[in-house]
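Please examine the model shown below together with this report.

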Amino acid sequence: MVLIATIERKRYLMDVGFGIGGSPRPVPMIPDVEFQATGTQTLRLRRDGIPDHSFGRRADDDSDEEDQAHDARNDIWILEVQHSPGTRWWPAHCFSDTEFLRDDFEVLNYNCEQNSKSWFANVVVVIKFLMDEDGVVIGQINLTDREVARRIHGKSEVLRVCTSEEERIDALERWFGIVLTEEERNAIRGRRMEILQPEQDPETKS
């Protein structure tokens, strides 16, 4: 599920919330056109099928033309990222042209929040894009679980590995400008992504 905007009869992918591997600016929905993302990253959109897609057509499909003409209606968009020139392309995410309704959003959001298998229910994730004086995105700062890392022009460095909730709260304010209220600070208590001290973690107790 992504955000798509139609401007002057042209469609643009506007999924700026995807984070690493995504684009901080609108992406024209034109297959196989490469464009610069952040730092040394290059992105492109392709139309193709995927193995789990029942009616998808792979680019290397050797079925006859009539079958391919039928299956082409079910092709999906695949956003691919190349982290530096000359390296391999990696699939970031894929989506179809199916429009989602309010009920779809509610079901998906509930699953992301409550499903114990959901990545978002187990890991704290924050991403902030970094720009130079000309407003060009050159990198990002990421908080993933306990680790704060900065990546600029393809080079990464770890800024902090948080060992407590207090350190993570401080990191949110220091590097992301996010100041939590007392209620927001306490909201993580008892959840899977909470950073526990050894004496608090039931898995470390004998």
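The report begins with the basis of the model and then takes up each topic in turn.

## Basis of the model

This is a predicted model, in which local features need pLDDT of at least 70 and side-chain atom pairs count only at pLDDT 80 or more, while totals for chains, interfaces and linings use all residues. Residues are numbered from 1 along each chain as its sequence is written, and side-chain values use heavy atoms, with hydrogens and water left out.

Helices (H or I, at least four residues) and strands (E, at least two) are DSSP runs, numbered from the N terminus. Two strands are taken to pair if DSSP finds at least two bridges between them.

Strands of a sheet pair through backbone hydrogen bonds, either parallel or antiparallel.

Strand S2 comprises residues 10–13 and is joined to S1 by four bridges, the two running antiparallel. Across this pairing, Ile7 stands opposite Lys10 in S2.

Strand S9 (residues 137–144) and strand S10 (residues 147–152) run antiparallel and are joined by six bridges. Gly139 is placed opposite Ile152 in S10. Two residues lie between the strands of this hairpin, in which Asp145 takes a positive phi near 65°.

S10 also runs antiparallel to strand S11 (residues 155–161), again through six bridges. Here the bridge partner of Ile152 is Lys155 in S11. The hairpin of S10 and S11 has two residues between its strands, and His153 in the turn shows a positive phi of about 50°.

## Salt bridges between separate elements

Side chains of opposite charge can pair when their charged atoms come close. With a salt bridge defined as a side-chain nitrogen of Lys or Arg within 4 Å of a carboxyl oxygen of Asp or Glu, the whole structure contains 13 salt bridges. One of them joins Asp97 and Arg47, whose closest N and O atoms are 3.5 Å apart. This pair links distant parts of the chain, 50 residues apart: Asp97 belongs to the loop between strand S7 (90–95) and helix H2 (102–114), and Arg47 to strand S5 (residues 42–48). For accessibility, buried means under 20% relative accessible area, exposed over 50%, and partly exposed in between (1.4 Å probe, protein chains only). Asp97 is partly exposed at 40% relative accessibility, and Arg47 is partly exposed at 30%.

Glu113 and Arg191 form a salt bridge with an N to O distance of 2.5 Å. Because Glu113 is in helix H2 and Arg191 in the segment after helix H4 (182–186), the pair ties together parts that are 78 residues apart in sequence. Glu113 is partly exposed at 37%, as is Arg191 at 33%.

Asp170 is partly exposed, with 36% relative accessible area, whereas Arg160 counts as buried at 17%.

## Cysteines

How many disulfides does the rule give? The count comes to zero, a disulfide being a pair of cysteine sulfur atoms within 2.5 Å. Cys94 is partly exposed, at 34% relative accessible area, whereas Cys162 is buried at 1%.

Leu108 is placed in helix H2. Its relative accessibility of 33% makes Leu108 partly exposed.
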